[in-house]
Amino acid sequence: MPGAGAWRFPFRAMGGPCELRLYAPEEAEARRVAQAAQAEVMRLESHYTRYREDSITSRINAAAGGEPVPVDPETASLLEYADTAHKQSGGLFDITSGVFRRVWDFKSGVLPDQSEIEKTRQLVGWNKVEWSSTHIRLPLAGMQIDFGGFVKEYAVDAVARLCRELGIEHGMVDLGGDIHIIGPHPDGQPWQVGIRNPRDPEKAIVSIGLLSGGLASSGDYERYMLVDGQRYCHILNPGTGWPVQGLASVSVAAPLCLLAGTASTVAMLKGREEGVSWLRELGLPHFWVATDGQTGGDYAPAADAGRSIS
Amino acid sequence: MSMQKKNKPASKALLALTGSALSLPGISGKAAAADPVTETSIDYQYSNYREEDLPSSKHAGGDVERYEIDTHQLRVVRPWGDSYDVTVDLMYETMSGASPWFIMPGANGEPLQVMSGATIEDDRSDILAKVRKLYDNSAASLSLGYSDEDDYRAINVGIEGEWDLGSKQRTFTVGLGYSDDELEPTDGGTTLYPNRVTSAEKDSLSVYAGFTQVLNARTTVQSTLSFTRHDGFLSDPYKEAFVAGNRVQDNRPDGRDAIAWLTRLRHFVPSARGALHVDYRYFDDDWEIESHTLELGWHQNLPADWQLSPSVRYYSQSQAFFYAPYYNSARSDGFASSDYRLSPYGALSYRLRATKKIGTWAFHLGWERYTSEADLAIKSVRVENPGLVEFNAITFGISRHF
Amino acid sequence: MRLILRFMALTSGLFLLGSLNSGCAVKKVEAWERGELAREEMAWEPDPQEAAYRSHVYFSKEASSGGASAGGGGCGCN
């Protein structure tokens with residue numbers, strides 16, 4: 001019976017519900033691993049959150065327009081990753097675009113003024129950031145960087161690796177829907193993961209079986225508002241400052257959850273036409289739902305003719 | 001459902017992102033070469049080594065009780081700054097007991113061991129400090145050591161470099177070591193031992209190089225070759241040989257060149273939750289001693305952070321060209337030694353070690369039983385040295401990391 | 001002399017072994033697959049302190065020496 005026999009460890013972190021499911025001969029052993037895993041998640045959360053003054057993110061943002069801030073090797077590697085994602089996505093993946101949240105209030109139901117968006121746009125642009133393997137400087141006061149767009153997926157991979165090193169062969173890490181499979185069930189069965197229906201998020205639109213690797217999803221249903229029947233979601237194009245259109249949700253499976261997350265986020269940012277071809281070109285198993293209800297990708301319930309599902 | 005579409009080259013974007021992801025510490029974890037030390041650790045180990053009494057059938061005089069050694073070891077490893085780590089190893093041992101002195105022929109010509117009359121009591125202190133610097137794909141280390149006993153003092157220095165030769169699956173290591181030793185044997189040049197040297201020196205220079213290769217996600221293999229040259233007083237000042245009815249000082253060549261080739265394998269078996277260790281060493285020197293060492297070990301993980309590791313070691317050596325249990329006439333080159341350590345024999349030892357981890361603490365208890373016999377050697381041996389040793393050793397250790 | 005020649009032959013053999021990349025069943029291991037290799041019992045010496053002690057004992061009681069490292073103390077062990 002899949003799932004029975006794995007020890008479960010739910011907790012809250014990174015702004016959402018998390019769970020570790022670990023197979024181990026004894027609960028005490030699984031608990032020890034879960035504690036180490038949780039500590040690692042907490043370490044990453046407190047180091048990269050915007051909500052703590054002593055986090056590296058807050059220190060970098062507080063120094064915007066001032067002196068360069070020294071960064072530790074892990075942060076430097078994350079900045080390097082963000083830079084690669086920025087290049088490979090044609091500038092769409094941009095960790096300086098978080099400042100737009102100041103002008104978009106999804107609770108208000110009111111669209112922001114174009115002039116406010118224009119003003120904020122001056123503070124956005126990864127190309128403007130001065131960074132190296134030891135320091136980073138945001139040149140304009142008011143500029144901000146935000147690791148929130150990928151640190152959760154990184155944490156999922158880091159925790160999975162930690163669990164493996166501590167001896168766990170079969171299990172799953174789930175941080176708010178970003179997943180990494182440590183190993184299939186002991187009987188070899190894959191873990192069944194449900195993909196949320198973007199228009200009915202409590203229900204699954206499709207169920208995916210995974211033996212290994214990471215899975216991440218991006219969607220317009222997490223934070224949004226409806227204005228005149230049009231949906232405006234939290235995924236903003238860094239160039240225009242306006243929310244993306246075209247795709248309602250994208251899910252990608254990749255050897256690393258970090259890669260899956262970048263792929264799905266960039267696909268959402270590229271919109272219907274380019275997003276779908278971006279996913280096809282990457283070659284990773286994926287699934288997309290468009291705003292008009294159409295679905296596609298490897299995991300789509302009805303496979304399109306000519307597209308092979310491996 | 002498989003992970004990747006088959007027969008499709010990975011996209012440029014995916015390769016670029018994957019490459020970037022690999023430099024993240026959370027993703028790559030520990031590297032094959034040069035693992036940075038991230039935490040301080042302290043280890044203490046106590047060992048008791050006890051040799052079995054010499055059997056009466058092989059005994060011709062002196063004490064039958066052989067060596068007993070108590071050893072205390074302390075090791076501290078800690079990171080230092082961004083890219084350095086430091087290791088300090090301390091060892092203190094106390095030794096007591098009799099040791100083989102010379103061999104004389106018995107009534108039927110069989111060799112009988114005469115042991116030293118007085119029980120030796122000695123203690124030895126040893127310190128070794130090593131500093132290692134880590135670079136992106138390589139590491140370099142420098143070590144300095146000092147060893148002190150009543151009759152012996154040694155200083156040694158070593159340097160080592162290791163390089164990652166590509167995606168951390170192959171590593172190349174090279175090292176150089178030098179040791180300078182001074183002996184001042186007790187009772188040297190006294191009326192009791194007039195021919196025993198009063199002071200002597202020797203030094204050793206060794207160089208080694210090796211490769212480490214990760215074969216797959218569960219197997220690694222390593223092979224290292226070393227060359228050592230010893231120079232100086234290499235004889236044992238406390239031993240004598242029986243030559244044509246007279247006792248003469250143990251006398252060995254004043255140079256010795258040796259090579260050692262060590263190959264080892266580590267293989268993890270997930271279904272058994274254990275790791276297999278195989279180590280083989282080939283040794284050859286210009287004293288015509290050739291030896292083979294084969295060690296097999298299994299490390300079994302058990303519930304509640306226990307680990308049990310049984311292992312077995314087989315050793316076989318040939319004799320030094322100038323060795324004999326006793327001599328009917330002197331050799332033309334003047335060499336003479338009846339030290340069992342230069343005789344032909346084989347040895348088998350069994351070991352068992354148990355480890356338990358509790359939080360940041362770890363405890364271990366180990367036991368080894370070692371027996372040596374001429375019959376165990378690979379090639380047949382005509383005369384067994386009566387001084388071959390059998391011992392039991394137990395070790396107990398405590399570790400903590402911070 | 002004979003020994004130095006043997007050393008050179010073995011060194012070349014070792015380099016040959018080292019260059020057997022594709023021929024030797026080597027499988028590319030991604031960084032995130034390295035969890036098992038990092039386990040303590042997969043280290044060359046899971047307990048370096050105990051290994052140093054054993055090496056010291058065998059060095060004192062046998063004619064052979066040498067392994068994967070140089071440096072380290074000599075002793076007047078009898």
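This is a predicted model: local features need pLDDT of at least 70, side-chain atom pairs count only at pLDDT 80 or more; totals for chains, interfaces and linings use all residues.
Me: Let's begin with chain C. How many helices and strands are there in it?

Reply: Chain C has 2 helices and 0 strands. Of its 78 residues, 44% are buried.

Me: How do I read a contact between two chains, say C and B?

Reply: Start by counting the residues on each side. Here, 48 residues of chain C are in contact with 85 residues of chain B. Then ask which elements supply them: in chain C, α1 (2-19) and α2 (48-61) each give at least two residues to the side that touches chain B. The top contributor is α1(C), with 8 residues.

Me: And what about the classes of residue on that side of chain C?

Reply: The side of chain C that touches chain B splits into 22 nonpolar, 15 polar and 11 charged residues.

Me: Now chain A. Which helices does it bring to chain B?

Reply: Counts come before elements again. On this side, 35 residues of chain A are in contact with 26 residues of chain B. Four helices of chain A each supply at least two residues there: α1 (27-48), α3 (73-88), α5 (151-165) and α6 (257-282). Of the elements in chain A, α3(A) gives the most, with 9 residues. By class, the side of chain A that touches chain B has 16 nonpolar, 10 polar and 9 charged residues.

Me: How do I read the way two helices pack, such as α3(A) and α1(B)?

Reply: Look at the distance between the axes and at the crossing angle. The axes of α3(A) and α1(B), which is residues 12-22 of chain B, come within 9 Å and cross at roughly 175 degrees. An angle over 145 degrees counts as roughly antiparallel, so α3(A) is roughly antiparallel to α1(B).

Me: Which residues make that contact?

Reply: From α3(A) you have A:Glu80, A:Tyr81, A:Thr84, A:Ala85 and A:Gln88, and from α1(B) you have B:Ala13, B:Ala16, B:Leu17, B:Ser20 and B:Ala21. The contact of α3(A) with α1(B) sorts into 6 nonpolar, 3 polar and 1 charged residues.

Me: What domains is chain A divided into?

Reply: Chain A has domain 1 (56-145) and domain 2 (190-301). Their C-alpha centres lie 23 Å apart. In terms of contacts, 16 residues of domain 1 of chain A meet 15 residues of domain 2 of chain A. On the domain 1 side, the largest share is 3 residues, from helix α4 (residues 114-121) of chain A.

Me: How should I read a sheet in chain B?

Reply: One open sheet of 3 strands runs β2-β6-β5 in chain B, with mixed pairing. Its edge strands are β2 (59-61) and β5 (100-105), each pairing on one side only. From one strand to the next, the twist averages 40 degrees. Within this part of chain B, β5(B) and β6 (residues 111-115) pair in the antiparallel sense over 5 bridges, and B:Pro105 stands opposite B:Pro111 in β6(B).

Me: And a hairpin, like β13(B) with β14(B)?

Reply: Check the pairing, the turn and the faces. Strands β13(B) and β14 (residues 246-249) of chain B are antiparallel over 4 bridges, with B:Glu240 opposite B:Gln249 in β14(B). The hairpin has 2 residues between the strands, and B:Ala244 takes a positive phi near 45 degrees.

Me: Are the faces of β13(B) covered or open?

Reply: Both are covered: B:Glu240 and B:Phe242 on one side and B:Ala241 and B:Val243 on the other are all buried.

Methods
Residues are numbered from 1 along each chain as its sequence is written. Chains are lettered from A and ligands numbered from 1 in the order in which they are written. Two residues are in contact if their C-beta atoms, placed from the backbone, lie within 7 Å. Ala, Val, Leu, Ile, Met, Phe, Trp, Tyr, Cys and Pro count as nonpolar, Asp, Glu, Lys and Arg as charged, and the others, Gly among them, as polar. Axes are lines fitted to C-alpha atoms, for helices over the stretch in contact, and angles run from 0 to 180 degrees between N-to-C directions. Angles under 35 degrees count as roughly parallel, over 145 as roughly antiparallel, 65 to 115 as roughly perpendicular and the rest as oblique. Domain bounds come from an automatic or database domain assignment. A residue is buried if 20 or more other C-beta atoms lie within 10 Å of its own, exposed if 12 or fewer, and partly exposed in between; C-beta atoms are placed from the backbone. Two strands pair if DSSP finds at least two bridges between them.
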